[in-house]
Amino acid sequence: MECLPGTPAVPSSTLLSHEVTATTREASAQDTPIADTRPSRPSTGTGDSHHTLTNASWKSRNPGQPVISPHNLEKLDAAQRAARKAASEQRRVKQIAVSDAIAELLEEQETRINEIAKAHCILPEKVRLLITGETHYKNRREESLANALIRIKARQVNADRPHGQKFQLRELQEMVANDEAMQNLDEEMKQKYLREPKESRTCKSIGIRSTNTAASCDVQATLKNIYGELQALAYHTGIYACLFVTRGHVYDTHAVTWFGTDNIMDFWEDRMKLSPDYIIKQLELWVCNEEKNIEARDSLENMQKQAKKGLDSGFVSITKHLRQEKPIHLRFANFEQIKYKFRIDYEGWPDGIPFSSPYKIQTIDEIRCLRDTIRENTFQWVKMTLSQHREYRKQVDARHEAGETVSVPRQGRSDKGKKRKAPNDENTPHTSKKTRRNRAQTTLKSWEIITTSDEESDGGEHV
């Protein structure tokens, strides 16, 4: 098994070979040589130095975005190294003592478990399960004021202390409990302290890597996990999946790569007549020529397209089981009719945004909120229950009887109310559109007597 240079190291069984075989099928698809027009990274000695410094990293191409701060490695002198070595030896001795104590406790516990099982005529495994049982359902850890205060106190007292001599959690908790200023906070200060851990968590979630090296390491580590998850999912469920990954700018250092489960990459060669290496090369060319940062990607037009595609995709999924001659198209103006007839409703539409087509939303904040809601599956198309649908139909019928316009009426014909003219030829009998259509379908020439344009010009007939 082989992979492109720079691909994260994964087990050989999870990656398909990237070798381009010299088969007749592939040669027919790629006989024409393709010039490599990929933009190359300019050398440090030539070129525009200001442009190089401006676009050197993903961070510099996205000013104003939250940045994940890198881990600074401090240099230690001889005294600090000796102190750290002594502290490490102390921790090792302490860990050995703790391990011995736990081993002794486990022996006593095993003896006690056997006695309880024998006394109550049950298996020892049942007793162990009752003692060590735990739930697998965990609540999401929210930001708390206590953690926020400890975070602030640690920043205050540990800023100038060397590594290995910083105050530990229990000492910080005591400092916070003895600090009267932190114990008598008004509501405004509490909210201010709570915003800081929230912003830190958000930055770690969607922040930007500060250097190309950090970004490359993040790409390799994340892709390694993704490859393993996809391969395991393929074994569990039998799915097929393929993944193409390329850098977003010519200055980025992580290499392009692709991944496929089982023989999924044969699809590109058998059906599309393209090799995966050719596809990833063209993808890299296109992306590097785009040179879009986050602000350019999140333009109003792009987010409108993304939101519309997300809405249409979910709507098609929920209506595909309906047996209709024609597919049901999503029409926001007449969604009341769709809901009335097909029992389709929605949940999770953002508050404050009118239910309408994304192309009618002209505010960046609103369309971003809608796009993110669709991405996170907060918004969903749902099927109404029979009781909900009956109640809704009663409400709509009552509104209709009261004279209210429930949906937008269809636009009438331009010649509505006018008498349509009859054909000019009085001898031609009037026929319906259906009859004319059937007649047109039954008077086709046989394929054997159809003349080509060249034969018509020569006056000949091909039989």
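Ala, Val, Leu, Ile, Met, Phe, Trp, Tyr, Cys and Pro are counted here as nonpolar, Asp, Glu, Lys and Arg as charged, and the others, Gly among them, as polar. On this scheme, the residues lining the largest pocket of the predicted model divide into 12 nonpolar, nine polar and 15 charged.

The largest pocket has a volume of about 1400 Å³. Its lining comprises 36 residues, of which Trp58, Ile206, Gly207, Ile294 and Arg297 are the closest to the pocket centre. Two or more lining residues are given by each of the helices α8 (187-206), α9 (212-237), α11 (276-290), α12 (294-297), α13 (300-319) and α15 (364-375), and by the strand β2 (208-209). The largest share comes from α9, which supplies five residues.

Asn293 lies in the loop that connects α11 to α12, two of the elements that contribute to the pocket lining. The relative accessible area of Asn293 is 19%; because residues under 20% are classed as buried, Asn293 falls in that class.

When residues up to four places away in sequence are not counted, Asn293 touches Trp58, Arg61 and Asn62.

Note on methods
Residues are numbered from 1 along each chain as its sequence is written. This is a predicted model: local features need pLDDT of at least 70, side-chain atom pairs count only at pLDDT 80 or more; totals for chains, interfaces and linings use all residues. Side-chain values use heavy atoms; hydrogens and water are left out. On a 1 Å grid over the protein atoms alone, a cavity is a set of points where a 1.4 Å probe fits but cannot get out, and a pocket is an open set with protein on both sides within 12 Å along at least five of seven lines; lining residues have an atom within 4 Å of a point. Grid points are joined across faces, edges and corners, and a volume is the space filled by probe spheres set on the points. Helices (H or I, at least four residues) and strands (E, at least two) are DSSP runs, numbered from the N terminus. Buried means under 20% relative accessible area, exposed over 50%, partly exposed in between (1.4 Å probe, protein chains only). Contact means heavy atoms within 4.5 Å.
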